[in-house]
Amino acid sequence: MSGMQAGALAAKKSDGKRATAAASKKQTKTTKRVARGAAAQRVKVRLSAAKATRAAAHLNAIPRRTAAVLSPSRLSYGQAYGLHETLDPLALKSSVALVLDQDTDEVLLSKNSQAVLPIASITKLMTALVVVEAKQPLDEVLTITEADIDTEKGSHSRLSPGTALTRGEMLHLALMSSENRAANALGRHYPGGLATFVTAMNRKAAELGMHDTRYVEPTGLSSRNQSSARDLATLVKFAYRYDLIRELSTSPEYQVAVGSRQLQFRNTNGLVFNPSWQIGLQKTGYIAEAGRCLVMQAYMGGRQLIMVFLDSTGRYSRIGDAERVRKWVLEEMAPVAEPTRPTVPVNTPSQHTPRVTS
């Protein structure tokens, strides 16, 4: 082998060694990158697991009542019980309905009328009845406090703590515009306080034979305030005896002075603005568990009728149900007598003297 050939062979071997070393170094780097990637992935998995654990712990720490509020949708009691599957001749949207003649107690329409369901702000009709029968001064000034703020549903009110209104004004707002703080304040200012007031509500229900009815507070925000359509018809019939309850519940609008401001309130029942309706007494109600509710006394087709609609689906469905009943009575049921204006029963004159009226 010549010297030139020997040199070329030595150079080739040297290049081969460098190539091998470079490949080995590259492989080492690749192995390290893979190892680092795997380690990072394991760290991410551990972090994700830890994050999930913390999230689960946080969710478990949420009170059940708050968790229920966060639920995207909740069925009403009537929906959960399957009451909406019950058919009726008028295709009502309410799962519970009862229409009867106030004077004869003849039942014209009944749909699940024995079902016991939450009644929402229909509760305030009993609240008003207890206040009126207690004969507390309607001109006495009551003050809204922190105790009247709704912690059950977080509902809104324009009556901020410190608002001072007369008992008559509080009663007006509770019946007409379903003011929760006003209703609670009425209960708090009852002799013996709120607990005694609720006892009086249940005692009055028992006296009237409302055996399916139970109250736990005066606003209706609690789903534990429950009754049946039969019982509520009894309540409407009895409450109708009081001109003050009739007057305040059917008032279209009302204005009160709160400090230097004048606050305008409207009736929650749009039918009181309709001149074709002759409504003697009414009350609406709504919470998710109860659905849309409505009780009324109205004159139509020569009769004074009591109507109860519970657990109605849709914002305006209870009004639509009332209109369906009215059309049915006027068009398909012969009046029992010549249509005349209803006779208002004689009872204790109203003592309600609001400071400002609309």
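**Exercise 1.** How many residues lie between E10 and E11 in their hairpin, and which residue in the turn has a positive phi?

*Solution.* Start with the ground rules: this is a predicted model, where local features need pLDDT of at least 70, side-chain atom pairs count only at pLDDT 80 or more, and totals for chains, interfaces and linings use all residues. Residues are numbered from 1 along each chain as its sequence is written, and side-chain values use heavy atoms, leaving out hydrogens and water.

Now find strand E10 at residues 291–300 and strand E11 at residues 303–312; strands (E, at least two residues) and helices (H or I, at least four) are DSSP runs numbered from the N terminus. Two residues sit between E10 and E11, and Gly-301 in the turn has a positive phi of about 55°.

**Exercise 2.** Work out which strands pair with E11.

*Solution.* Pairing takes at least two DSSP bridges between two strands. E10 runs antiparallel to E11, with eight bridges, and Tyr-299 stands opposite Gln-304. Then look at E1 (residues 94–101): it joins E11 in the antiparallel sense over seven bridges, with Asp-101 opposite Leu-305.

**Exercise 3.** Say why E11 counts as largely enclosed.

*Solution.* Buried means under 20% relative accessible area, exposed over 50%, partly exposed in between (1.4 Å probe, protein chains only). Ten of the ten residues of E11 are buried, so the rest of the structure largely encloses this strand.

**Exercise 4.** Check the length of helix H10 (residues 317–332).

*Solution.* The expected span is 1.5 Å times one less than the number of residues. For the 16 residues of H10 that gives 22 Å, and the end C-alpha atoms are 22 Å apart, which agrees.
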